[in-house]
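Me: I am new to this structure and would like to go through a few of its features slowly. Could you show it to me before I ask about them?

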Amino acid sequence: MSPEPIRSFNDPKLSDLNARVAQDLEYLNYPPANWSPASAKVDGRPVSDVVIIGGGMCGLVGWFALSRVGIRNVRIIDKAPKGREGPWKTFARMETLRSPKTLLGPAAGMASLTFRAWYTALFGIAKWDELYRIPRPMWMDYLDWYRDVLSIPVENGVHVTRIIPREDGLLELEIANGAEEPILTRKLVMATGRDGLGAAEIPGFVEGMQRGKSWAHSADEVDFTALKGKRVVVIGVGASAVDNAAEALEAGAGEVRLLARRKKMPTINKLMGIGSYGVTAGFPKIDPKWRWRLMDYSTRQQTPAPHGSTLRVSRHANAFFHFDCGIASMKEEGDEVVITTTNGRIFRTDFVILGTGFTVDPLARSELEPYKAEIACWEDRITPPANEENPSLGRFPWLEDDFSFTEKTPGKAPWLKNIHCFNYGATMSLGKVSGDIPAISEGAQWLARGVSAGLFIEDIDYHWEALLAYEKPELDGSEWVDADADLPEQKTA
């Protein structure tokens, strides 16, 4: 598939659409006035109402949702350079998105903000009709346009290393290398993506081996050209494993073997069976044990790699799928890696790619270091039924409806209510509304509603005084006549 050329906000073909977006926003009375009181400077530094960490899809739509409800004192930051936020042009290696092209994604209810509007403006309706799936890099091009057409002020190159609660109730964000003064904010949104509340899953069997020389995780930067003519083993048969295997094959690897501990290839995306708005709206409201049951069942079944991605591998004669091959041990012997599987097979290879996904675990985040053990997780709140034990699900944070963290022990970390987990870590508590494309706008609306409520409640004294002080008359006295104004004064006996 030859990629379409990158199109910028200033492309002449987008001028009509850009004007349409501007008109739609004007008709929607956007932007509304800011209603949150201006914060006084603290220690000579400005204070934001909200800071969003992450300028990818979640951060962009989160910023827009907050802006639409009149929260304007917001900063949005990302450690990556512009155009490299999120996975789309970094470690994601699929040819196309899994999601259907018709999903509305971050459009927030505006037809002019959809991928379809952007694509047809550039390439026409006939090309849209021909398009099967959205090319992965093109999704990032669309998000870049989304950012520009909405004038979202992402500050790139700003890396938060620590979130520090202050005694005055604010959060202080420490910036890497002292590049700038710490940022002060009242609320924080962690729109940090798939690994935004955890880390890459690194199995113990690679311990002691040289990362980058003998092995890499699928989320690492991998020099696939260096694998030309080499033997490669990929651990796993999920989407990331299959996509990395395809990249190695297309770069000229001598052979690629995918090792799966399952006895057969997963083929059914189980959650598609109940996909609906009912799931989106209802998931946070059902009994926690039902939420656990649904997530446990779907993870045990495993979501299969997409049809096209799998064919992208299997069309190569030097690609091999091996099942019932859990890893018993792995070690370096000279320039080789020797792998022994649980069924006794031995594989010798030059390089290993781990398609093992990501963990979700607040304890893995250095940003939360001073108090991460105080964050309540699912394992702290429920005991799963017999045969549904799943330690990985237990490490998901137990969140409120506004995506905020909760305390493991009441009263020990009250500031956690000001940190909102708008990333994959919210899945157990609120469903797939803060990472996956289908319901991202819905999740952003929930976030904006929750943050608005929190700010209003914290400032209730200010709003009370504003209510008392409000004196703008609706009537000036000319609108009525007092029928009794000219009557003699009534005297009481």
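Me: How many cavities of 30 Å³ or more does the structure hold?

Reply: This is a predicted model, in which local features need pLDDT of at least 70 and side-chain atom pairs pLDDT 80 or more, while totals for chains, interfaces and linings use all residues. Residues are numbered from 1 along each chain as its sequence is written, and side-chain values use heavy atoms, with hydrogens and water left out. A cavity is a set of points on a 1 Å grid over the protein atoms alone where a 1.4 Å probe fits but cannot get out. At 30 Å³ or more, the number of cavities in the structure is one.

Me: What is the volume of the largest cavity?

Reply: Its lining residues, those with an atom within 4 Å of a point, include Asn423, Tyr424 and Asp436. Taking volume as the space filled by probe spheres set on the grid points, which are joined across faces, edges and corners, the largest cavity comes to about 40 Å³.

Me: Which residue has a side chain joined to that of Ser36 by a polar contact?

Reply: Ser36 lies in the loop between α1 and β1, helices being DSSP runs of H or I with at least four residues and strands runs of E with at least two, numbered from the N terminus. The polar contact (a pair of N or O atoms within 3.5 Å, one able to donate a hydrogen and the other to accept it) spans 3.0 Å, and the partner of Ser36 is Asp49.

Technical notes: On a 1 Å grid over the protein atoms alone, a cavity is a set of points where a 1.4 Å probe fits but cannot get out, and a pocket is an open set with protein on both sides within 12 Å along at least five of seven lines; lining residues have an atom within 4 Å of a point.
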